[in-house]
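Please read it with the structure open.

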Amino acid sequence: MDCNCSNLQLIPPSPSNNYKLLFQSLSQIPIHHYALATAFALICFLYNFLEIHFLQDLFTAFSGSAVDFTYNSSSQIYDAVVSKCRILQGRYSVTPWLSSPHLQTVFLNFFGNPPIFKYKRQLFNTPDGGTIALDWLTYSDVCGSTFHVNDDVTKDGSTPIVVVIPGLTSDSSSPYLKHLAYHTAKRGWKVVISNHRGLGGVSITSDCFYNAGWTEDARTVVNYVHKKNPEAPLFLIGTSIGANVLVKYLGEDGENIPVAGAVAICSPWDLLIGDRFITRKRVQKFYDKALAVGLQGYAKLHQPLFARLANWEGIEKSLSIRDFDNHATRIVGNYETVDTYYRRCSSSIYVQSVLIPLLCISALDDPLCTREAIPWDECRANKNVVLATVKHGGHLAFFEGITASRLWWVGAANEFLDVLLSSPFKHVQKKISTPNKLLDSSIDQGPYLNITEDGMVAASNNEPTTDDAEEIHVRQDTHHVGRDRVPVKKKQNELVTNTGSGGSSCNAQTASAHNPVPLDVLTPLKRYVGQLSRQNRLSIWLLVYIAITTSWPLVGSALSLVFGKRLRR
C-alpha cells in the first residue's frame, strides 16, 4: 500500500484549466449584478469627472454655503452697502439636481428657463461707422408688449438705467441675460443690453470687431445713454468677457465716468491664466472646443470681412479659443502675439485704478474662469471694490430653488445696486474741464486715428460738434495709456441712432494707407520753450548759468586740448 501511495503524483493544474474554472464561476453570477456594478462604476466616474457635490449638500441638509467677501478694512462700500444686502449676507443653496458646476453651466446654455418677453430695439451707430444693437426693457414691457423700434425709450426722466455688457458670443437672447433684464425691469428700472458688434442679428458695418479688451463701445454707449438721460442714475453690469471689459473700462477712465456703480459677474480677470486653465483638463477642453465653435459661427456670419482682414483658412481649422484668437483676433486687433493680446486686455491690472463702487461676484468652481486668476490682493487694496465669492455656482448659472427658475447672482446684483442708489456713496461724475495742452500746435488738432492698446483704431475729431462725439474723443485722448495718434483726412464723426452709417476703417493696416502728413516738431518745441521763458525768465537764466559753470571744466579742457594742438602745429 505504501508502494501504491508513493506511485501517486500530484499533477499541477494547467493555466488553461484555471481560466476555465474562473469563467465557469463568473458565469454563475447573475447578469443584473454586472449591470449594477457597471452602473456604480460609471456613477463614481461621472461624480468625480463632473465635480458633483450632491452628497456633500445632502449631509448639510442643502443649507448652502455662506458668501465670502474680500475687501479693504476701511471700505465704506462694504460697511454702508454690501453689509445691508440681505441676499449677499445670506447663504446660497444650489438646486439639488444641478449639484455640479458643469451641470449648471450646460443647463443654463441649453435650457436656462428664461422668462418670456420682447425687447425694444434701437440701432446705434458709433463714430467709426459701426452698428450696435441696443435692446431696451422697461417695467411696462415685462407686462407684455410687442417688439418694435422706438427711440422714446431712451428718454424717461430720472428712472435708473442699467447698461449690460454681454459675454463672449452672447447677445440679448441668451437665457442668463433674459433673467437679468426681466428681474431688473420688474423692479421699475430700465435695462439696455449693449450687444457686441455683429451680434443680435446686426451686420458689422465697419472694420472694427469686439474683443475681450475693447472698451470703446462701452464708453460710447455709456456717454450716449447719459446724455439722453442726464438726470437718471446710470449703472453697469458686465458678465464673463463683458465683466472683463467693464473692469478695464472703469480702470481706464477713473472718476471721469457717468456711472454711479457697477457689478462684474464671473470675470476671467487674467486672460493668460484662463488660457492655460481651459486646456488643462479634459472637461475644460470641451468648453474650449464649444466656445471655438461659437466663435467660428460668429465669423461665418461676417465671412467677407473676416476673409479680408484675417486668416480665414486658419479660422475654419481652429479647434480652440487660442487658435481663433491667433488667426482672427490677433490679426484684426494688430497684436504681435496671442499672449500679447491676453496680457494687454486682462482686467486684473486695472482693478487698482477703479474709482467707483464695484461689486465682483465669482464662483470658486467656475469651469471657465478659474479662481487662480482672481486678483485677491488688488481687490483687498482698493476701497471701492468688494469681491464676493461663492463655493458653487458654475459659470453665470447660480441656479437656486427646486425648479431652477432663478439665478442667485441676478437678485444679488440688483439688490446691491438698489441699496447703493439710496446710499450717499454712489459715484457722481465730477465736472472736469478740457485738459491743458502744452503743445498748442497742429499736431494737437483733430482729426486723428486713435490707436489703442486694445489694438483697435477709432477715428477722433476735436472739432466742435453738437453731439457726443467731441466729449467721447476728448476722453479717449486723455484716459488711455500707450495711445498713439496718426493724422488722417478730415472727417466729421457723429453719433446717430436708427440711421445708416458710412464705412470708416478701424484697422491699423487700413489707416496706414492714407497719405502721410509731415509733422513739424521744431515749431511746437520752440513755442514750448518760449512759454516757459515767459513764465519765469529768472529760473531760465539761473539754469543756463548753472549749466555753464558745471560743464566749463570739461568744455575748457577739451577746447585747450584741441586749440593747443593746432598752436603747436
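**Salt bridges, spaces and a surface patch**

A search of the whole structure, which is a predicted model, finds 19 salt bridges. One of the salt bridges joins the side chains of K120 and D141.

**Salt bridge K120 to D141**

- The N to O distance between the side chains of K120 and D141 is 3.3 Å.
- K120 belongs to strand β4 (residues 120-125), while D141 sits in the loop between β5 (131-137) and β6.
- The two residues are 21 residues apart, and the pair links distant parts of the chain.

**Largest pocket**

- The space in the largest pocket comes to about 1,100 Å³.
- Its lining consists of 48 residues. L168, T169, L291, I321 and L368 are the lining residues that lie nearest the centre of the pocket.
- By class, the pocket lining has 29 nonpolar, 14 polar and 5 charged residues.
- Six helices are each the source of at least two lining residues: α7 (101-110), α8 (175-186), α11 (271-277), α12 (282-301), α15 (321-332) and α16 (338-345).
- Helix α12 gives the most to this lining, with 8 residues.
- Domain 1 (65-144 + 155-270 + 346-422) and domain 2 (280-345) each provide at least three residues of the pocket lining.

**Cavities**

- The whole structure contains 3 cavities of 30 Å³ or more.
- The largest cavity holds about 130 Å³ of space.
- Around the largest cavity are 14 lining residues, and those nearest its centre are I165, S194, H196, D217 and A218.
- Strand β6 (161-165) and helix α9 (216-228) are the elements that give two or more residues to the lining of the largest cavity.
- The largest share of that lining comes from α9, which contributes 3 residues.
- The cavity lining divides into 8 nonpolar, 4 polar and 2 charged residues.

**Nonpolar surface patch**

- A nonpolar patch on the surface is formed by Y19, L22, F23, L26, I29, I31 and Y34.
- Together these residues have about 710 Å² of accessible area.
- Helices α2 (15-27) and α3 (31-49) each supply at least two residues of the patch.
- Helix α2 gives the most to the patch, with 4 residues.
- I31, one of the patch residues, is placed in helix α3.

Conventions:
Residues are numbered from 1 along each chain as its sequence is written. This is a predicted model: local features need pLDDT of at least 70, side-chain atom pairs count only at pLDDT 80 or more; totals for chains, interfaces and linings use all residues. Side-chain values use heavy atoms; hydrogens and water are left out. On a 1 Å grid over the protein atoms alone, a cavity is a set of points where a 1.4 Å probe fits but cannot get out, and a pocket is an open set with protein on both sides within 12 Å along at least five of seven lines; lining residues have an atom within 4 Å of a point. Grid points are joined across faces, edges and corners, and a volume is the space filled by probe spheres set on the points. Ala, Val, Leu, Ile, Met, Phe, Trp, Tyr, Cys and Pro count as nonpolar, Asp, Glu, Lys and Arg as charged, and the others, Gly among them, as polar. Domain bounds come from an automatic or database domain assignment. Patches are made of residues with over 30% relative accessible area and no salt bridge: like charges are joined within 9 Å, nonpolar side chains (Val, Leu, Ile, Met, Phe, Trp, Tyr) within 5 Å. Accessible areas come from the Shrake-Rupley method with a 1.4 Å probe; for residues, only the protein chains shown count as cover. A salt bridge is a side-chain nitrogen of Lys or Arg within 4 Å of a carboxyl oxygen of Asp or Glu.
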